[in-house]
Amino acid sequence: MERFYLIVGHVGRLELLVPHGVKLVQLRIKDQPKAEVRRQITRARDFCAVHGAQLVVNDYWDLALDLRCSFVHLGQEDMDNADLGALRRAGVHIGLSTHDETELDRALTQDPAYVALGPVYPTLLKKMKWGPQGLERVGRWKQMAGRTPLVAIGGLTPDRLPGVFAAGADSAAVVMDIQMAQNPEARTRDWIAACAPQVAPA
Ligand SMILES: Cc1ncc(COP(=O)(O)OP(=O)(O)O)c(N)n1
Ligand SMILES: Cc1nc(C(=O)O)sc1CCOP(=O)(O)O
Ligand SMILES: [Mg+2]
């Protein structure tokens, strides 16, 4: 799985940052009319196709199906409402959020493309009922997830990545560290460099 996983809130951001080398990007639109969400997903789908990036549609599994997108991310509550069978029949890959062992067990029964664990560190993006999970828990999740790839999310920054990958994460997802950066394009490149596997000197 791609080690760098960018999450953006608007297709304009996706178009700005993907050309810097992003290969896995989630469009996470909140609080917009559905017609606007549809427009943005369509634009993102076409832009990612041209740039060889994998688009992940957050929440809007129905639009993803309708617009022939190939990957969705769903939280536990999203799963309650989604037609997982229809997604599966359409060959759509599904990434799932998890925060505790009950959620992880439930997620793994769906044979997802990945499970995400968060928030690994405190996050400023949204209020959550879970405290920081920490790196030990990343390691535990990796063991329990077996062959299912593990995405770490929440409060991640480039300097935290060595620990996150060493603990067992296959991929690291980010919102605010790039969204709030003075130079988001440069910060994206920093992330890509920090996510590159480290080769031991000969
Ligand atoms: C990679 C990744 N992990 C977790 C989430 C969170 O999904 P969810 O719990 O459904 O919350 P919202 O993002 O919809 O607010 C995610 N989007 N991506
Ligand atoms: C959207 C989201 N979901 C999480 C989870 O734990 O499920 S943590 C999170 C926020 C990620 O943003 P940042 O990189 O700014 O902390
Ligand atoms: Mg959601």
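View 1. A172 is buried, with 24 other C-beta atoms within 10 Å. Buried residues have 20 or more such neighbours and exposed ones 12 or fewer, with partly exposed in between. A172 and C195 are 23 residues apart along the chain, and their C-alpha atoms are separated by 7.9 Å. The model is predicted: local features need pLDDT of at least 70, side-chain atom pairs count only at pLDDT 80 or more, and totals for chains, interfaces and linings use all residues. Residues are numbered from 1 along each chain as its sequence is written, while chains are lettered from A and ligands numbered from 1 in the order in which they are written.

**View 2. Helix α10, residues 184–195.** Helices (H or I, at least four residues) and strands (E, at least two) are DSSP runs, numbered from the N terminus. R187, T188 and W191 are the buried residues of α10. They cover an arc of only 105° around the axis, which puts them on the same side of α10; the arc is taken from the directions from the helix axis to the C-beta atoms. A186 and A193 are exposed on the other side. The cover over the buried residues includes β1 (4–8), α1 (11–17), β8 (171–174) and α9 (176–179).

**View 3. Surroundings of ligand 2.** Ligand 2 is surrounded by 16 residues, the closest being G118, T123, G154, V175 and M176; near means a C-beta atom, placed from the backbone, within 6 Å.

Notes:
The expected span of a helix is 1.5 Å times one less than its number of residues. Two residues are in contact if their C-beta atoms, placed from the backbone, lie within 7 Å.
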